Amino acid sequence: MKTLILYATKYGSSEKVAHRLAPKLPGDVQTVSIMKETPPSLTSYETVILGGSIYMGAIQKQLSNYVNEHLEELLEKRVGLYICAGEQDPEVRSKELVDSFPKSLYEHAIVKEIVGHEYHFDKMNLVEKLMLRMKGIKKSCSALSDESIDHTAHMMAETRR
């Protein structure tokens, strides 16, 4: 079994998740940053996991554009989806997950997971920091969920379509 984890990230959280997820999956697993590399052809992959982070309420355009351009091919694969999302309201976070991917892909996916979030104040500009401070977040933190990452790995490894 060959798996591709294709991710987009602004500050590195989605990348961190991809690298935590990869060793938990069976077979040959490749991680690719769509923001740094040209994604390989999907032909040789049975499984594709797509991950991104929510920034200003939306997933990265590079990932969104890729998904829209390769939707038909993705619908023929075993697919998993994850996002890193720091919104405090669980309903908003859930909506961000649903809205990040086309409906047909979201419904097709074996697992759809919100894997937590991180804030990197050292990498943010002043406006980003001020926006977070208005929400009561005053410093860098990591709240990635090992439980959610493990659940994603388990569902992708165990579920066969």
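A residue counts as buried under 20% relative accessible area, as exposed over 50%, and as partly exposed in between (1.4 Å probe, protein chains only). This briefing concerns a predicted model, in which local features need pLDDT of at least 70, side-chain atom pairs count only at pLDDT 80 or more, and totals for chains, interfaces and linings use all residues. Residues are numbered from 1 along each chain as its sequence is written, and side-chain values use heavy atoms, with hydrogens and water left out.

**Salt bridges**

- Four salt bridges are present in the structure, each being a side-chain nitrogen of Lys or Arg within 4 Å of a carboxyl oxygen of Asp or Glu.
- One of them joins aspartate 150 and lysine 24 at 2.5 Å, N to O.
- Aspartate 150 belongs to helix H7 and lysine 24 to the loop between H1 and strand S2 (28–33), so this pair ties together parts 126 residues apart in sequence; helices (H or I, at least four residues) and strands (E, at least two) are DSSP runs, numbered from the N terminus.
- Lysine 24 is partly exposed, at 41% relative accessibility, and aspartate 150 is likewise partly exposed, at 36%.
- Another salt bridge, at 3.8 Å (N to O), is formed by glutamate 107 and lysine 103.
- Both residues of that pair, glutamate 107 and lysine 103, lie in helix H5 (residues 103–108), four residues apart, and both are exposed.

**Charges over rings**

- The charged end of lysine 2 sits over the ring of tyrosine 45, 5.0 Å from its centre; this term requires NZ of Lys or CZ of Arg within 6 Å of the ring centre and within 35 degrees of the ring normal.
- Lysine 112 lies over the face of tyrosine 106, 5.1 Å from the ring centre.
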